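Hi,

Here is the structure I promised to pass on. Have a look at it first, then read on for what turned up.

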Amino acid sequence: MGLLAVEDKLVQTAVARILTAIYEADFEDVSYGYRPKRSIHQAIEDLNRQLRFGGYEWIEEADIRGFFDNIDHEWILRMLEERIKDKAFIGLIRKWLKAGIIEPDGTLNLPTKGTPQGGVVSPILANIYLHYAFGKASMIFLEDFSHHL
């Protein structure tokens with residue numbers, strides 16, 4: 001876990017709030033992770049209701065191991081640039097993504113993927129990444145499925 005300076009936490013909190021204001025309305029209603037006014041308990045209640053009354057016959061659960069550690073820097077930056085034109089804002093996020101990590105043995109690790117561990121901005125970046133990734137995957141699936149009808 002990264003240890004952030006107080007100033008870094010304050011700026012990351014401000015950036016996370018801005019990103020949430022920009023993207024929150026776009027996220028799917030069935031997405032609960034790291035979202036304002038949403039919890040695991042709500043997810044379970046909604047899932048229970050849908051399974052009992054929604055006519056579904058199956059569910060799929062996925063846990064993406066090491067997800068935060070494997071977010072592609074260039075992809076997340078491209079996703080952000082689709083909506084945000086402020087280069088200084090994007091540059092600040094780029095600096096956090098590329099910030100070096102001093103390992104316990106004293107060596108400097110310069111990450112090429114992943115979000116800042118312990119970073120206040122990491123959860124919203126992860127949600128943005130998932131939003132685009134699942135949106136694209138769903139479109140590809142539906143397009144492929146429609147060819148088989």
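Tyr 34 is exposed, since its relative accessible area is 57% and the cut-off for exposed is over 50%. One thing to keep in mind as you read: this is a predicted model. You'll find Tyr 34 in the loop that runs between helix H1 (6–23) and helix H2 (40–53). As a reminder, most residues other than glycine have a negative phi.

Lys 37 is not a glycine either, and it has a positive phi of about 60 degrees. With a relative accessible area of 82%, Lys 37 counts as exposed, because exposed means over 50%.

Ring pairs tie Tyr 34 into a cluster with Phe 67, Phe 68 and Tyr 129. The count of aromatic pairs comes to 3. One of them joins Phe 67 and Phe 68, with 5.8 Å from centre to centre and 75 degrees between the planes. That pair is edge-to-face, because planes over 60 degrees apart are put in that class. Are these two phenylalanines buried or exposed? Phe 67 has 13% relative accessibility and so counts as buried, the limit for buried being under 20%. Phe 68, at 26% relative accessibility, counts as partly exposed.

Now for the overall picture. The protein has 5 helices and 2 strands, and along the sequence they follow the pattern α-α-α-α-β-β-α. There are 149 residues in the protein, and 26% of them count as buried. If you take the contacts between residues at least 6 apart in sequence, 66% of them join residues at least 24 apart.

On to the helix packing, where H3 turns up in two pairs worth a look. Two packed helices are described by the angle between their axes and the distance between the axes.

How do H3 and H4 pack, and at what angle? Helix H3 (residues 73–83) and helix H4 (residues 87–98) have axes 11 Å apart, at an angle of about 165 degrees. H3 is therefore roughly antiparallel to H4, as angles over 145 degrees fall in that class. The crossing of H3 past H4 is right-handed. On the H3 side, the residues in contact are His 73, Glu 74, Ile 76, Leu 77, Leu 80 and Glu 81; on the H4 side they are Ile 90, Ile 93, Arg 94, Leu 97 and Lys 98. Sorted by class, this contact of H3 with H4 has 6 nonpolar, 1 polar and 4 charged residues.

H3 also packs with H1. Here the axes come within 11 Å and cross at roughly 65 degrees, and the crossing is left-handed. Leu 19, Ile 22 and Tyr 23 from H1 meet Met 79, Leu 80 and Arg 83 from H3. The residues of this contact of H1 with H3 divide into 5 nonpolar, no polar and 1 charged. Look out for Leu 80 when you click through: this H3 residue meets H1 and is also listed in the contact with H4.

Cheers

Key
Residues numbered from 1 in each chain as written. Predicted model: local features only at pLDDT ≥ 70, side-chain atom pairs only at ≥ 80, totals over all residues. Heavy atoms only, no water. Axes fitted to C-alpha atoms, helices over the stretch in contact; angles between N-to-C directions. Helix = DSSP H or I, 4+ residues; strand = E, 2+ residues; numbered from the N terminus. Parallel < 35°, antiparallel > 145°, perpendicular 65-115°, else oblique. Left-handed = near helix turned anticlockwise from the far one by under 90°. Contact = heavy atoms within 4.5 Å. Nonpolar A, V, L, I, M, F, W, Y, C, P; charged D, E, K, R; others polar. Phe/Tyr/Trp six-rings, centres within 6.5 Å; stacked < 30°, edge-to-face > 60°. Buried < 20%, exposed > 50% of the residue type's maximum accessible area, 1.4 Å probe, protein only.
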